[in-house]
Amino acid sequence: MLRLELYKIFRRPRTYISFAIITAITFVIQLAMLVDGSSFMDFALQGVGEQFDIQGNVLNGYLVTYLILQSLLIHIPLLVALVAGDALAGEANLGTLRLLLTKPVSRAKLVLVKFAGSLLYTLLLLIWLAVVGLGLSLILFGDGDMINLKSDAFVMLLRDDIMWRYMAAFGFAALAMTSVAALALLLSAFADNSIGPIISTMGIIVVLTILSNLELPLFNIIKPYLLTTHMIGWKGFFDDPVPYEAIQHSAIVLLAYTILFVAITVLYFNKKDIKS
Amino acid sequence: MRMFRLLFVLLFLLPVQLIAATADANLLFLQMRQKLDYVKDYVADVKMKVDVTFMKVPPLHGKLYFKAPDKMKLDRSGGISIMPRKSISMTLNNLIPSGDATVIDAGYEQVGAVRTKVIKVVPGTDQTDIILTKIWIDESRMLAMRTETTTRDNGTINMDLVYGKYAEIGLPDKITFFVDVKEFKLPKGVTMDYDQGNKPATAAAAPEAGKQKRKKGKIEITYLNYVVNKGISDDVFRDDKK
């Protein structure tokens, strides 16, 4: 059943749009950095540059990858929603959902298979991002020590101490995107066409991202509960020392959201009156 | 008669003493400059520790190249090197004014276990960034143990020096810089920081955040070995790509 689901996902041209978008954004950022990276670095490092003289290959593959990941912060969840939001609603829209449920499988199993399909797609998307983002950036810009600029700190990581951080960061990103896939699947269960859940997931992620980044005391109360606050936990791996406790907390929150979304989807879908 | 003697002492002998002290200080300064001038260039394996509030930098190992009068570069074989701004520079040669200078005797002070002569040096020209340098000198070894340099643009730089096997030529085994650093701030909207849940933004903290406060930063350089006066090409000091 999972194989059939994967066949359906990867047969659709829409699926490959996500891979093309990631490739295009990555290429654009890499090209921009190749052409005008030094002025970008001068701008980014001006606060430190006034006081310290920083030399060497600052604009290396590791830093460029970090910039790519940073700029794809909002986009990847949207690409995940393209497939996960379509999982159940797409079937309903095509009128194949009722037919599918005539098979001797429980509705819960169907939801879980749809979720597993979306999950595999998400993982492949992240692996592709690692290949074109990290792999190609290292080929184009070389490796070296990495500088990570935070709002109140300048973090420098030694070359030999970076690759494991990327592995961990991609692992964490997979967990974050899983929660997005679960959200899109939940919304997909409520709809009978795929546009609604896809747009709704995008809207929720955009609004929550804005709320997570607004530095207003009012929003500080709700920030710890927002999905988007914890989705950027991958950045913690590029801090020194790594805030393992905070990352662990974020991972638990994301996992809890994922379980909650999938559970609600199963519960709702079990009782849903399927008309198409 | 007694009053006259006292007046004589005050009017003539004290200035003579002061002139003698200043002459001593001048001589001391010139002798020390001469010792520093012996080193035309060096390459040293160094270990560097940056201790600045906003910087999280691991201990750095590399080769430090110096060429008189003011060229300096830390090479980390492909890695990133961080040094205080060029205008500050990190050698005694640059923190002690060259050429015409007014030297003032400032008495004696204890630096650790060493009794040092303190002199103040004011550059004779206003073309330099240095306004005043205070030097604590170990007279027996003719070594600067501590300096305090007030600059026009880079605040005050304090430097503590520890000597070992290269004391004969005035090269330290360890230098500790204390430099003024501004606070570092970037908008959170740009950096999109991961909120670790320990620093809630409050209205009370906001005015503080706006100010660019100066704090002391510490940079420690340990010299593991030196290769002195073997000649270094200027190409070594060319700026690497950013």
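**Reading a predicted two-chain model**

Modeller: In this predicted model, Phe154(A) stands opposite Met55(B) in β2(B). Let us begin with that pair.

Biologist: How many bridges join β3 of chain A to β2(B), and do they run parallel or antiparallel?

Modeller: In general, strands of a sheet pair through backbone hydrogen bonds, either parallel or antiparallel. Strands are DSSP runs of E with at least two residues, helices are runs of H or I with at least four, and both are numbered from the N terminus. Two strands pair if DSSP finds at least two bridges between them. Here β3 of chain A, residues 154–157, is joined to β2(B) by two bridges, and the strands run parallel.

Biologist: Before we continue, how are the residues and chains labelled?

Modeller: Residues are numbered from 1 along each chain as its sequence is written, while chains are lettered from A and ligands numbered from 1 in the order in which they are written. As the model is predicted, local features need pLDDT of at least 70 and side-chain atom pairs count only at pLDDT 80 or more, whereas totals for chains, interfaces and linings use all residues.

Biologist: In what order do the strands of this open sheet lie?

Modeller: The order of the three strands is β2(A)-β3(A)-β2(B), with mixed pairing. The edge strands, each pairing on one side only, are β2 (146–149) of chain A and β2 of chain B. Between β2(A) and β3(A) there are four bridges, in the antiparallel sense. Within that pairing, Asn148(A) stands opposite Val155(A).

Biologist: How many residues does each chain bring to the contact?

Modeller: The size of an interface is often given as the accessible area lost when the parts come together. Here we count residues instead: 42 come from chain A and 38 from chain B. Two residues are in contact if their C-beta atoms, placed from the backbone, lie within 7 Å. On the chain B side, β2 (55–56), β5 (81–84), β11 (172–182) and α3 (188–191) each supply at least two residues, and β5(B) gives the largest share, four residues. By class, that side has 17 nonpolar, eight polar and 13 charged residues. Nonpolar covers Ala, Val, Leu, Ile, Met, Phe, Trp, Tyr, Cys and Pro; charged covers Asp, Glu, Lys and Arg; the others, Gly among them, are polar.

Biologist: How many helices and strands are there in chain A?

Modeller: Chain A has 13 helices and three strands. Its radius of gyration, taken over C-alpha atoms, is compared with a globule rule of 2.2 Å times the number of residues to the power 0.38. For 276 residues a compact globule would have a value near 19 Å, and chain A has 20 Å, which agrees. Among contacts in chain A with a separation of 6 or more, 78% link residues 24 or more positions apart.

Biologist: Which residues have the most contacts inside the largest nonpolar core?

Modeller: In soluble globular proteins, nonpolar side chains tend to be buried together. A residue is buried if 20 or more other C-beta atoms lie within 10 Å of its own, exposed if 12 or fewer, and partly exposed in between, with C-beta atoms placed from the backbone. A nonpolar core is a set of buried Ala, Val, Leu, Ile, Met, Phe, Trp, Tyr and Cys residues joined through C-beta atoms within 7 Å. The largest core has 115 residues, and those with the most contacts inside it are Val80(A), Val180(A), Ala181(A), Ala184(A) and Leu185(A). Helix α9 (residues 163–190) of chain A gives the most, 15 residues. Beyond its neighbours within four places in sequence, Ala181(A) has contacts that include Val80(A), Phe115(A) and Leu119(A).

Biologist: How many helices and strands are there in chain B?

Modeller: Chain B has four helices and twelve strands. Strands β6 (residues 101–111) and β7 (residues 114–123) of chain B pair in the antiparallel sense over nine bridges, with Val111(B) opposite Val114(B). Their hairpin has two residues between the strands, and Gly112(B) there takes a positive phi near 60 degrees. β7(B) also pairs with β8 (residues 130–138) of chain B, antiparallel over five bridges; six residues lie between the two strands of this hairpin.

Biologist: Where is Met142(B) placed, and what is its phi?

Modeller: Met142(B) lies in the loop between β8 and β9 (143–151) of chain B. Its phi is positive, about 55 degrees, although it is not a glycine. Met142(B) is partly exposed, with 16 other C-beta atoms within 10 Å.
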